Amino acid sequence: MKILLKNALILKNAFSDFVKENIFIENGKIVEIGKFQRQADKVYDLSGKLIMPGFVNAHTHAAMTLMRGVAEDVSLEEWLFKKIFPIEDKLTPEDVYIGTMIAQMEMARKGVVAYVDMYFHCEAVVQAAIDFGMKALITRGLTNQSGSDNGRLRQNIEYFEKFNGKDGLVFIGFGPHAPYSCSLDYLDRVATVANELGAPVTIHLYESEKETYSLKEILKTKLSECRVIFAHCVHLKESDIELLAKESFFVAHSPTSNLKLANGIAPVSKMLEKNIQVCLGTDGAASNNTLDIWHEMRLASLLQKARDPVKICTTEALSMATLTGAKASGLTSGSLDTGYDADLIVLDIEKPWYLPLEQLKSHLIHSANSLDVYATMVKGRWVYFNGVFPTVDESEIKNRFEGVVQRLIDIGN
């Protein structure tokens, strides 16, 4: 399939200037960007639109759309142990599939082309990503609180052997839940396997102030040799920050979830000053309620500006949402360049809040919102286009989702 996107303004990456050029896509790849005319199977006149790299949601639990709004105004401990875990115990693979599909619909509508997931029934998450056409780094949540992991690591390895690289969309990593739910010996086992397979790892770290383990001890395990996405990192000690300043380490900052569960504000400015690679995540819809990286991008910037207005500049914020998330996940490029997958979003900038256009890059952070997304493309295929999800039957998915939620309510009662 040859696709021509013409007459749009283009932002190739967070650090580039805007240009008005065309993009030619063939077999899912960007072949040419410039002022040219080519024959194509599909031609889209995108006058009045902006094309830019799609966002990466570097930390979420997609299927938790099923629990959106069920545990409001409570602490992290009550939210997790009294509200969420009892529901999760009842979930079937079909439930997880439908919850993930709804999450992908929301993310595609809001400009996300790739996400990092930690959950269970991962075969269902894999199928949802393939059926929808979105890129995903899928990890099995791993714990061994009772001394045994009940076969979870073995299961994660099987997912890797069966699904890693499938359709160029799905990749498998390893998801030890957190240092408080995984022993050091177990973390070392998980990291050893991940390192041998060349797979990334994602783990919650210092989400709440009650977490008092030692990062220095954690990094004495094989985890230090892996590509790792550390989620949250709200309560890092000063001495911990420099430990994370490593080429293969990333921090997935989820400001909305951190605030909503009263966990605080991560020291992102200090991390950036120490050259820690910070990207953005939403966490799950049960603790955030939305899967909106646009919102996270602006909130991340404003929280750091509260004490110093120069913190988290426009370029840094855009890079966190695109380039750094892409590097962390390994799923996409975070940039529009020839030879790369056509993972992009089209934004309708013919809105009053984008004026004056001379300040457009700033507007992308502080004026734009996710509902301005006109279209989202993954590997040269539209997964959202002007109100329509071309790869799925929207009504069917919504109806199945409502059926799952009603069943969970009935069981709970």
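Me: Where is His61 found?
Reply: His61 is found in the loop between β6 and α1 (76-88), where helices (H or I, at least four residues) and strands (E, at least two) are DSSP runs numbered from the N terminus. Please keep in mind that this is a predicted model, in which local features need pLDDT of at least 70 and side-chain atom pairs count only at pLDDT 80 or more, while totals for chains, interfaces and linings use all residues. Residues are numbered from 1 along each chain as its sequence is written, and side-chain values use heavy atoms, with hydrogens and water left out.

Me: Is His61 buried or exposed?
Reply: His61 counts as buried, at 9% relative accessibility; buried means under 20% relative accessible area, exposed over 50%, and partly exposed in between, with a 1.4 Å probe and protein chains only.

Me: And which residues does His61 touch?
Reply: Leaving aside residues up to four places away in sequence, His61 touches Asp117, Met118, Tyr119, His204, Asp283 and Gly284, contact meaning heavy atoms within 4.5 Å. The side chains of His61 and His204 are also joined by a polar contact of 3.5 Å, and a polar contact of 3.5 Å joins His61 to His59 through their side chains. A polar contact is a pair of N or O atoms within 3.5 Å; within protein, one must be able to donate a hydrogen and the other to accept it, and residues adjacent in sequence count only if both atoms are side-chain atoms.

Me: Switching to rings, how many aromatic pairs are there?
Reply: The structure holds 12 aromatic pairs, counting rings of Phe, Tyr and Trp (its six-membered ring) with centres within 6.5 Å, where planes under 30 degrees apart are stacked, over 60 edge-to-face and the rest tilted. One of them is the edge-to-face pair of Phe55 and Trp294, at 4.7 Å centre to centre and with 75° between the planes.

Me: Which parts does that pair tie together?
Reply: Phe55 lies in strand β6 (residues 55-60) and Trp294 in helix α10 (residues 293-305), so the pair ties together parts that are 239 residues apart in sequence. Phe55 is buried at 0% relative accessibility, and Trp294 is buried as well, with a relative accessible area of 3%.

Me: Which residue lies over the face of Tyr374?
Reply: Lys49 does, at 4.5 Å from the ring centre; a charge sits over a ring if NZ of Lys or CZ of Arg is within 6 Å of the ring centre and within 35 degrees of the ring normal. Tyr374 also belongs to one aromatic cluster with Tyr44, Trp382 and Phe385.

Me: New topic: how many disulfides does the search find?
Reply: The search of the whole structure finds 0 disulfides, a disulfide being a pair of cysteine sulfur atoms within 2.5 Å.

Me: Last one, how many salt bridges are found?
Reply: The search of the whole structure finds 22 salt bridges, each a side-chain nitrogen of Lys or Arg within 4 Å of a carboxyl oxygen of Asp or Glu. Among them, Glu72 pairs with Lys260, the closest N and O atoms being 3.0 Å apart. That pair links distant parts of the chain, with Glu72 in the loop between β6 and α1 and Lys260 in helix α8 (residues 255-260), 188 residues apart.
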